[in-house]
Amino acid sequence: MKKIMYVLLLIGCFSYAQDKEKDKEKKQSLLSSTNYVWEGNKDLEKSDFVHAEANYRKAISKSADNGIAPYNLGNTYYQNENYSEAFGRYKQAGEISTNKEDKHKAYHNMGNVFMKNKEYQKAVDAYKEALRNNPSDEETRYNLALAKELLKKQQDEQKNDQNKDDKDNKDQQDKEDKNEDKKEGDNQDKNKGEDSDNEDQKKEEGDEGDKGDEKKEENKEGEGDEKEEKDQQPNKGDQQDDKQQQQPKPNQLSPQQVKNLLEAMQNEEKKVQEKLDAQKVKGAKVKNEKDW
């Protein structure tokens, strides 16, 4: 029994010694990390961001418990407008910090990064977390109120944009529907026009056919009339015989010539008689008084 107690005592002492050694090493690492932070702060005062970043990184590698190192490195990135790297370091500082004041600073600056990126909802959440660790900080409270106001404005703008997009989409859909209806109407009118043209064409063809039939009938009638006239006219042989009969014989007057000769003689006699009568009128006396 005594031996067991002795063994347990030795084990306890050994574990204590180990823990004490680890704690000592941890303290030494934290002290070394703090020294690098001081060096980085000096570089930052000189605006030597390159050496400041290097010293802060060494401080972080020396001790994972030093929340000041990532926080100061985040400030370095923030001053150089490298907000994405700054946010990562602030988040790291907030997670490893053990006291509320360090957490408050880390979340406050995380809110500032979200404000720069216009991520106002995330900024509101970060400022609220900062106030949980330090409710008396008026700067954080002011930033929270500003973030809420900008968030409301952003939401209203997004709502208006959404309503505008919906209206534009509706107008576009109405326009497409209207064009589609117009297109269908045009197609119907076109089909009606084609049907009308086909009917007109058929009608014209029918009229032409009727005209052709009429023309054929007229041709037939003309042929009939010509045939009748031809039948009524004497043949050339008969005409030739009539002409031979009407022609006067040599040294002999035709009946027409005899008639013309008689009319000429009568006209001459009439002229002689008119001259004689004219001479008689000229020799008669003219009364000077009126014949009442």
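Of the 292 residues in the chain, 19% count as buried, where buried denotes under 20% relative accessible area, exposed over 50% and partly exposed in between, with a 1.4 Å probe and protein chains only. The model is predicted, so that local features need pLDDT of at least 70 and side-chain atom pairs count only at pLDDT 80 or more, whereas totals for chains, interfaces and linings use all residues. Residues are numbered from 1 along each chain as its sequence is written, and side-chain values use heavy atoms, with hydrogens and water left out.

**Whole chain**

Begin with a cartoon view. Contact means heavy atoms within 4.5 Å. Among contacts with a separation of 6 or more, 47% are between residues 24 or more positions apart.

Next, display the surface. Its accessible area is about 24000 Å², and carbon and sulfur atoms hold 48% of it; areas come from the Shrake-Rupley method with a 1.4 Å probe, and for residues only the protein chains shown count as cover.

**The largest nonpolar core**

Select Y56, Y90, M115, A123, Y127 and A147. Of the 28 residues in the largest nonpolar core, these six touch the most other members. Such a core is a set of buried Ala, Val, Leu, Ile, Met, Phe, Trp, Tyr and Cys residues joined through side-chain atoms within 4.5 Å. Helices α1 (2-45), α2 (49-62), α3 (68-79), α4 (83-96), α5, α6 (120-133) and α7 (138-232) each supply at least two of its residues, and α6 gives the most, with six.

Now centre on M115. Not counting residues up to four places away in sequence, M115 touches Y120, A123, Y127, L146, A147 and L150.

**Asn109 in helix α5**

Move to N109, in helix α5 (residues 100-116). Is this residue buried or exposed? N109 is buried, at a relative accessible area of 12%. Beyond its neighbours within four places in sequence, N109 is in contact with Y71, N75 and Y90. A distance drawn between the C-alpha atoms of N109 and A126, 17 residues apart along the chain, gives 8.4 Å.

**A nonpolar patch**

Finally, select L261, L262 and M265, which make a nonpolar surface patch of about 300 Å². L262 lies in helix α9 (residues 255-282) and counts as partly exposed, at 48% relative accessibility.

Terms used. Patch = residues over 30% accessible without salt bridge, like charges linked within 9 Å, V, L, I, M, F, W, Y side chains within 5 Å. Salt bridge = Lys/Arg side-chain N within 4 Å of Asp/Glu carboxyl O. Helix = DSSP H or I, 4+ residues; strand = E, 2+ residues; numbered from the N terminus.
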